[in-house]
Each structure stands twice: as structure tokens, then as C-alpha cells.
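Let's walk through this model together, one region at a time. Keep the structure open beside you as you read.

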Amino acid sequence: MDTTGTLFLPPSGSTMAPEVDALMTFIFYVCIFFGVIVFGGVILFSIKYRRRRQVQVEAGPSHSTALEIAWSVLPLILMMIIFFWGFRAYMKMSVVPKDALEIKVTAQKWFWSFAYPDGATSVNELVVPVGKPIKLLMSSKDVIHSFFVPSFRLKRDVLPNRYSIAWFEATQQGAFELFCAEYCGSKHSGMLGKVRVVNDREYTDWLAASGKAGEGLSPVEFGAKLYESKECVTCHNIDGTRGDGPSFLNVYNHEVMLKDGSKLIADENYLRESILHPEAKVVAGYQPIMPTYQTLLKDAEVDALVAYIKSLSQ
Ligand code: CUA
């Protein structure tokens, strides 16, 4: 199986990849072939018919019916091959198999989150079983993003206010890069994720484990884990320096100046509200860019994050 990719294409990891690659390779060589003819002709004729001192104009043929038919019909045939080949692949990509496992994908500035049928969720890591068709029901909470997994030859825009649907079937286990392929703001290039393809057993285990992620951890330890895994770390650091959002260092029980000029002491309720309704009380000097975490965090997870933020204050 192809795991390394070629000069032009990344490794092939889905059932669609071979078909896309074959068409892509065909178009590539057709372009090379005609590119050589066109540019070769340009160079050859500009040498052969360059301007000379003694100009001798020969009367050439005014037209050639055979040539004209050839250069009309041959490109038409080539275009039709490309069209029907591409159309067939496009149909396969568009029609989701009936037995597909449906996963909800949410894009927002600047991360991906995934919700699985049994209630498990993950951020920036999509975990799927190998050899099963996966349907992605995708939407955005803010601007247009684009879900792009090169190894699966899968790219689909993710829009606010409507669903876009894509599907794939992974053919091999491993981790594959997930990119956002639509410019969506200052951290667009950092909107990276992974698709982790595992076997059935690992998938079931992963689902079971994600249901009890906080087990055996203290709220602060669990909160510290969530701070990383739910991507708080993208905008909020814990060393007191400024990010896209305020640092978590020494926030709890300290005075916070808000955008509207008012002040408050950051207590548990303020922290909780800022996680679930970030637009309610924006800190002075910051843009209201944080998305709500309402659907992304369970109650126990909000509690753990609040506990973690509290632990960062003296
Ligand atoms: Cu999201 Cu670019």
C-alpha cells in the first residue's frame, strides 16, 4: 500500500484516492504533451521564421480542412474523457453510502471539533475506524473554513448557517494531516488537526475512554488536560503574557477591566460565564473573538477548567 506518496501527491489513504490520482495523472500528462507541442512550436517557428534581411514571402496554404477537423475533434474527445471521468468520481464523492457512520464536524476560529454518535467529542483530532464509510456533517460557527485532508483527497468548504456533507472511507491506519484550506483570519494557518484511523477495537476503546476522560484525575489535573485538548491554549497562555485572549495567570480573584469601562472581581461565575458566553463580558483591550464552548464542554469539564484557572492564581 502507498504510504509515502509521490513527487506530486501525498500518501493515499482513502478509497477515493486512487481514482482522483489516476485522473489527476492523466490530466497532468495531457498538459505536458500539449505544453511541449505548443511551446516547442513557438520556439521552433520563431527561429525558423525570424526576420531576415532578404525577405522572401512565399505563398503558403490558406487552410487545411484535415488539420482543422483534427484540432477540433481531438480536444473534444480529450475533454469528454476528462469530463466523464471527473463526473463519475464526483458522483462517488457526493453520494454517501447508506451504512456510513455520521460524525458532526464543527469549524470555528481556529479549531475543529467533532461529535460522535454516542456523545463522545474531540477537538482537532478526528478518530475513525478503518474500512468504514464515514459521513461528515459539517458546519461553521463563524466564517467559512474548509475541511481538507490531502491523503484522503478530501476537501469541502464548511459554512456558517448550513451543513456541508462529505464522506470518506480510510483504507489504512495511521494519522493523517487535517488542514483548514480557506483563509479564516489571523490563525488560519494554525487551524491544524489530525485524522487518526484505528481498527474497530481501538475505536470502541477510544469511545469508551472519552466518556470517562476525567476519571482518576483531580479537577485541576483534568482542567489542565482540557486546557490543552480543547485548545484554550491557542489563545490563552498561563505565563501572564498577552495572546489573542487574556492570560489565565492571576485572573481568579483579581480585578478585571471590561470593554465597557466597568470593573469586576473574577469569581467562579465570571469564569464560567466567560467560557459559555464569551461575548457577555469582554476584557478591555481584546476583541470578542472567542467562540462559545456551550456545546463543546460537559458540566464537569467546565467545573474542571474553572478549577484549573483558579489554581493559576495566588
Ligand atoms: Cu479555518 Cu482557515
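Helix H6 covers residues 299–311, a run of 13 residues, and spans 18 Å from first to last C-alpha, close to the 18 Å expected at 1.5 Å a residue (the expected span being 1.5 Å times one less than the number of residues). Helices here are DSSP runs of H or I with at least four residues, strands are runs of E with at least two, and both are numbered from the N terminus. Please keep in mind that this is a predicted model, in which local features need pLDDT of at least 70 and side-chain atom pairs count only at pLDDT 80 or more, while totals for chains, interfaces and linings use all residues. Residues are numbered from 1 along each chain as its sequence is written, and side-chain values use heavy atoms, with hydrogens and water left out.

Among the buried residues of H6 are Val-302, Leu-305, Tyr-308 and Ile-309 (buried means under 20% relative accessible area with a 1.4 Å probe, protein chains only). The buried residues of H6 pack against helix H4 (219–229) and helix H5 (268–276).

H5 and H6 turn up again at the largest pocket, where they and strand S11 (255–257) each supply at least two lining residues. A pocket is an open set of points on a 1 Å grid over the protein atoms alone, with protein on both sides within 12 Å along at least five of seven lines, and lining residues have an atom within 4 Å of a point. The largest pocket has a volume of about 780 Å³. Of its 39 lining residues, those closest to the centre are His-236, Pro-246, Ser-274, Pro-278 and Met-290. H5 gives the most to this lining, with 4 residues.

Now for the sheet. Its 5 strands form an open, mixed arrangement in the order S3-S2-S1-S5-S8 (two strands pair if DSSP finds at least two bridges between them). S3 (121–123) and S8 (164–169) each have a single partner strand, so one side of each lacks a neighbour in the sheet. S1 (residues 101–108) and S5 (residues 133–140) pair in the parallel sense over 7 bridges, and Leu-101 stands opposite Ile-134 in S5.

Edge strand S8 also leads us to the largest cavity, giving the most to its lining with 3 residues. Strand S7 (154–158) supplies at least two as well. Residues lining this cavity include Met-16, Phe-152 and Trp-167.

Technical notes: Buried means under 20% relative accessible area, exposed over 50%, partly exposed in between (1.4 Å probe, protein chains only). Contact means heavy atoms within 4.5 Å. On a 1 Å grid over the protein atoms alone, a cavity is a set of points where a 1.4 Å probe fits but cannot get out, and a pocket is an open set with protein on both sides within 12 Å along at least five of seven lines; lining residues have an atom within 4 Å of a point. Grid points are joined across faces, edges and corners, and a volume is the space filled by probe spheres set on the points.
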